[in-house]
Amino acid sequence: MKPSARPVYLDLRRIHLPLPGWVSILHRVSGAVLFLALPLGVWALSVSLADEAGFQRLAVGEAHPLVRLLLLGLIWAGAHHLLAGVRHLALDADWGGGLRHARQSSLIVLLAGGLVALLAAWRLFA
Amino acid sequence: MKSITGARTGTGSWLLQRATAVLLAFALPGLLIYVLAALPLDFAGWQALFAPQAVRVLLLLTAVALALHAWVGMRDIFMDYVRHTGLRLSLYLVVIVVLAGSVAWLVATLWRAT
C-alpha cells in the first residue's frame, strides 16, 4: 500500500531552515572545507620550511588578494566549526537544549563566527 | 549475512569524534597563538619555531587527532548523502588516502632536517 501523498520539500527555495539548522549545516560545510584545506596546509608548511626560496615564494603568494580571500574563507570556516562544535558538545551534555536557549546559542555562534571573519578581513585587507 | 557497510553501532565513532574535538579545541588555538605571537618572522625564525622536539611531537599528535576527527566527519557526510555503496566506499578510500598522506607528509616535513 502506498502512503498518502504528503509534501516533500526538496526544492531548496522552499526549505526554510531555522537558526539551529543553519548552524548545523554550516558546521558540516565548514568541516568539509577544512578537510580539503588540510593537504594544502601541509603543502604550505612543507614548502615554507624547506628552504629560503620556498619561504619567500609563500610570503609573496600570501600577499595576493585571492590567496587572502581564500585565507579569510578558511578562517571563517575554522571559527564557525570550532564554535558550532563547542555548542554541539554542550548539547551532548544536555546543556542549552531548550528551544529558546538553542535559538539564542545558534545566533551567538553565527554572529561570533561572522565577527571573527570580520576582524580577520580587517587585518588581511585594511 | 553481516553488512560490509554498517556492522558497528557507531558509539565508538561518536565518542572518538567528541574526544578528538575536545583535544583539538585546545591544541589548535594553542598552536595558533604560539605562531601568531612570534610574528613577524624571517626564514630562520620560522624554522626555529618548529625546531623544538616538543613542538614537533605536539603538532604531530594534533594532526593525528585531526585526521581521526576528519575521518569520522567525512564518513558521516558521505553516509548521509551518497546512497550508492560502491561510490561511497570509493570516497572513503579517497578520504583515507588524503588524511594518511597528509599526516605522513607532515612527518616527513617536520623531521626532514634531523
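The following dialogue walks through how to read several features of a predicted two-chain model.

Colleague: What should I know about the model and its numbering before I start?

Modeller: This is a predicted model, in which local features need pLDDT of at least 70 and side-chain atom pairs count only at pLDDT 80 or more, while totals for chains, interfaces and linings use all residues. Residues are numbered from 1 along each chain as its sequence is written, and chains are lettered from A and ligands numbered from 1 in the order in which they are written.

Colleague: How many helices and strands are there in chain B?

Modeller: Helices (H or I, at least four residues) and strands (E, at least two) are DSSP runs, numbered from the N terminus. Chain B has four helices and zero strands, so that its elements, read from the N terminus, run α-α-α-α.

Colleague: What radius of gyration does chain B have, and what would a compact globule of 114 residues have?

Modeller: The radius of gyration is taken over C-alpha atoms, and the globule rule is 2.2 Å times the number of residues to the power 0.38. For 114 residues a compact globule would come out near 13 Å, whereas chain B has 18 Å. Along the principal axes, the C-alpha atoms of chain B fill a box of roughly 60 × 25 × 20 Å.

Colleague: Is B:Gln17 buried or exposed?

Modeller: A residue is buried if 20 or more other C-beta atoms lie within 10 Å of its own, exposed if 12 or fewer, and partly exposed in between, with C-beta atoms placed from the backbone. B:Gln17, which has its place in helix α1 (residues 11-36) of chain B, is buried because 20 other C-beta atoms lie within 10 Å. Of the 114 residues of chain B, 15% count as buried. By contrast, A:Asp94 is exposed, with 7 other C-beta atoms within 10 Å, and A:Asp94 lies in the loop between α3 and α4 (99-125) of chain A.

Colleague: Which residues does B:Gln17 touch, not counting residues up to four places away in sequence?

Modeller: Two residues are in contact if their C-beta atoms, placed from the backbone, lie within 7 Å. On that basis B:Gln17 touches B:His69, B:Val72 and B:Gly73. The C-alpha atoms of B:Gln17 and B:Val72 are separated by 6.4 Å, although these residues are 55 apart along the chain.

Colleague: How many residues of chain B are in contact with chain A?

Modeller: There are 17 residues of chain B in contact with 18 residues of chain A. In the classes used here, Ala, Val, Leu, Ile, Met, Phe, Trp, Tyr, Cys and Pro count as nonpolar, Asp, Glu, Lys and Arg as charged, and the others, Gly among them, as polar. The side of chain B that touches chain A has twelve nonpolar, four polar and one charged residues.

Colleague: At what angle do helix α1 of chain A and helix α3 of chain B pack?

Modeller: Axes are lines fitted to C-alpha atoms, for helices over the stretch in contact, and angles run from 0 to 180 degrees between N-to-C directions. Helix α1 (residues 19-50) of chain A and helix α3 (residues 53-81) of chain B pack at about 130°, with their axes 10 Å apart. That angle makes α1(A) oblique to α3(B), because angles under 35 degrees count as roughly parallel, over 145 as roughly antiparallel, 65 to 115 as roughly perpendicular and the rest as oblique. Residues making this contact include A:Phe35 of α1(A) and B:Met74 of α3(B).
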